[in-house]
Amino acid sequence: MRYIFALWAGPMALFWGWFYLSLNDMNFGYVMLTRQLHDFVFQLYGQMLGIDPAIIPGMVAKACIFDGFLLMAIWAFRRRREILDWVRRRWTGPVPFDRMQRATEAGPKLPAE
């Protein structure tokens, strides 16, 4: 599963890194990071898809969020037994005496009291 996460997160990091740097024209001398290429790429995608190029980054962001939730759902489904055991241990286990005593004991006396 970690390879799937890596194969998903790697391209996302590359794309969003390029997007941020080229959007703010932080090109460090590389043509690939210029604002002109950024605008050209999204103009080209907008023409190919027949939509306004300004909405493409939002569409990509929604797709990334959906993919992230889908991967988390697959991970949770694969680990459902461990997750359920953890939840049961958290909710059904007895509270240790020292923890209960700390929670119910009187707090420190303030000087004004």
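This is a predicted model: local features need pLDDT of at least 70, side-chain atom pairs count only at pLDDT 80 or more; totals for chains, interfaces and linings use all residues.
## Fold and overall shape

Helices are what you get here: the secondary structure comes to five helices and zero strands. Reading from the N terminus, the elements go α-α-α-α-α.

What about the radius of gyration? A compact globule of 113 residues would come in near 13 Å, while this protein has 25 Å. The C-alpha trace, taken along its principal axes, spans about 70 × 45 × 25 Å.

## Contacts and burial

How much of the protein is buried? Buried residues account for 12% of the 113, where buried means under 20% relative accessible area. As for contacts between residues at least 6 apart in sequence, 40% of them link residues at least 24 apart.

## The nonpolar core

In soluble globular proteins, nonpolar side chains tend to be buried together. In this model, the largest nonpolar core is made of five residues: Trp18, Phe19, Leu33, Phe42 and Ile56.

Leaving out residues up to four places away in sequence, Leu33 touches Trp18, Leu21, Ser22, Asp25, Met26, Asn27 and Phe28.

## Surface and charge

For charges, count 13 positive and 9 negative side chains. The centres of these two sets sit 11 Å apart.

Key:
Residues are numbered from 1 along each chain as its sequence is written. Side-chain values use heavy atoms; hydrogens and water are left out. A nonpolar core is a set of buried Ala, Val, Leu, Ile, Met, Phe, Trp, Tyr and Cys residues joined through side-chain atoms within 4.5 Å. Buried means under 20% relative accessible area, exposed over 50%, partly exposed in between (1.4 Å probe, protein chains only). Contact means heavy atoms within 4.5 Å. Helices (H or I, at least four residues) and strands (E, at least two) are DSSP runs, numbered from the N terminus. The radius of gyration is taken over C-alpha atoms; the globule rule is 2.2 Å times the number of residues to the power 0.38. Lys and Arg count as positive and Asp and Glu as negative; His and the chain ends are not counted. The place of a charge is taken as NZ of Lys, CZ of Arg, CG of Asp or CD of Glu.
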